[in-house]
Amino acid sequence: MGILGLAKIIADIAPFAVKENEIKNYFGRKVAIDASMSLYQFLIAVRSEGAQLTSVDGETTSHLMGTFYRTIRLIENGIKPVYVFDGKPPQLKSAELTKRAERREEAQKALEKAEEAGDAEQVEKFNRRLVKVTKQHADECKELLKLMGVPFIEAPCEAEAQCAALVKAGKVYATATEDMDALTFGSSILLRHMTFSEARKMPIQEYHLDRVLEGLGLNQREFIDLCIMMGCDYCDNIRGIGPKRAMDLIKQHRSLDAILESLDTRKYPPPENWIYKEARQLFLEPEVADPESVELKWVDPDEEGLVKYLCGDKAFNEDRVRNGAKKLAKARTGTTQGRLDSFFKVLPTNNAANKRKVEEKKGTNKKAKTGGKFKKPK
């Protein structure tokens, strides 16, 4: 689910924190990809086009098709992807997972009714709601990535948290996912739409956490409290308080604790036994593998291994698989040259201070040229 309404809040209040980019502009970048999210996209995308791709025994292969071709596209554009898979869900997420299971049961019943009524539009709608990434999907993709020479990590817990840890440690440039909680976990850069199909012509949205915090006027801890109020995967939010009201409250009181002390609980009753403190702690200190112990290696693809794995029972076309393997091998030789900016350490800058210095310098130059009285910029 991520964080409800966060993208809109950022677009409304801090639009300068987001920029649109083309995939080619990430040449030479290492990017951590939320594997479960990308697999879900592949399963949904193919299903929406009519039916799932299947093997000869009827097993879904859409996730393998998507992973194979989208990964090739990333690597051909000079990107070095590392896929991060979810581990065990945190205990706090159990209530959310129960709700999802209940929604799937409801969708299954609604699907059966739609099929009986012959309502194709409703059938497609509820079919999409029943899409779920399974352990088998993940295991098959890990095997595929191994044969493609692309590294992957099995996170001990949440993939977004592990991606954020890799970004903060400087192991990768950004987190690629549709879930906005990558920012809540502290990923300094979030890329949305990176694994979308080229046919959709969706530009990549690049979110910068420092600019988000600057635009919202919050520090990271306050931002986490805002996200919990808006709605996250780990606890319920306060009914009746929407994103705008949540933003106003956090700006006024600066923490959930202070908000609860002043809130009219008759009008806005918090959830019973609200575990917002535990949720906050999970965002601040998630369970992740030490990024320094993670070794990322991109190696040459195993063409024969790919053919053996994808063709035959999985019914992939051998010529296309071999062509894909050759594209991977060729692209790898072209991405050994690093980006120019990787040779320099980029220091954080204070935009306001820099602007003031530039204005003062201009004023000094003007005074030197004209002999006029220097006026301090307003």
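**Strands, helices and a loop**

Modeller: Let's start with strand β3 (residues 80-85): five of its six residues are buried, so β3 is largely enclosed by the rest of the structure. Buried means under 20% relative accessible area, exposed is over 50%, and partly exposed is in between, with a 1.4 Å probe and protein chains only.

Biologist: Where does this model come from?

Modeller: It's a predicted model, where local features need pLDDT of at least 70 and side-chain atom pairs count only at pLDDT 80 or more, while totals for chains, interfaces and linings use all residues. Residues are numbered from 1 along each chain as its sequence is written, and side-chain values use heavy atoms, leaving out hydrogens and water.

Biologist: How many helices and strands does the chain have?

Modeller: There are 16 helices and seven strands. Helices (H or I, at least four residues) and strands (E, at least two) are DSSP runs, numbered from the N terminus.

Biologist: What is the order of the strands in the sheet?

Modeller: The open sheet of seven strands runs β1-β7-β6-β5-β2-β3-β4, with mixed pairing. β1 and β4 are at the edges with a single partner strand each, so one side of each has no neighbour in the sheet. From one strand to the next, the twist averages 25°.

Biologist: Back to β3 then. Which strands does β3 pair with?

Modeller: Strand β2 (residues 30-34) pairs with β3 in the parallel sense over five bridges, and V31 has P81 as its bridge partner in β3. β3 also pairs with strand β4 (residues 152-154) in the parallel sense, over three bridges. There, Y83 stands opposite F152 in β4. Two strands count as paired if DSSP finds at least two bridges between them.

Biologist: And in which sense do β6 and β7 pair, parallel or antiparallel?

Modeller: Antiparallel: strand β6 (residues 189-192) and β7 share four bridges, with L190 opposite Y207 in β7.

Biologist: What lies across β3 and β4?

Modeller: Helix α6 does, running at about 155° to β3. Axes are lines fitted to C-alpha atoms, for helices over the stretch in contact, and angles run from 0 to 180 degrees between N-to-C directions.

Biologist: How do α6 and α14 pack?

Modeller: Helix α6 (residues 135-148) and helix α14 (residues 303-310) pack at about 155°, with their axes 8 Å apart. That makes α6 and α14 roughly antiparallel. Angles under 35 degrees count as roughly parallel, over 145 as roughly antiparallel, 65 to 115 as roughly perpendicular and the rest as oblique.

Biologist: Which residues meet there?

Modeller: E140, E143, L144, L147 and M148 in α6 meet G305, L306, Y309 and L310 in α14. A contact means heavy atoms within 4.5 Å.

Biologist: New topic. Which residues of α1 are buried?

Modeller: In helix α1 (residues 6-13), L6, I9 and I10 are buried. They cover an arc of only 95° around the axis, going by the directions from the helix axis to the C-beta atoms, which puts them on the same side of α1. The face turned away from that buried side carries the exposed residues K8 and D12.

Biologist: Last one: where is A155?

Modeller: In the loop between β4 and α7 (159-168). A155 counts as buried, at 5% relative accessibility. V84 is 71 residues away along the chain, yet the C-alpha atoms of A155 and V84 are separated by 6.5 Å. Not counting residues up to four places away in sequence, A155 touches V84, F85, D86, G87 and Q162.
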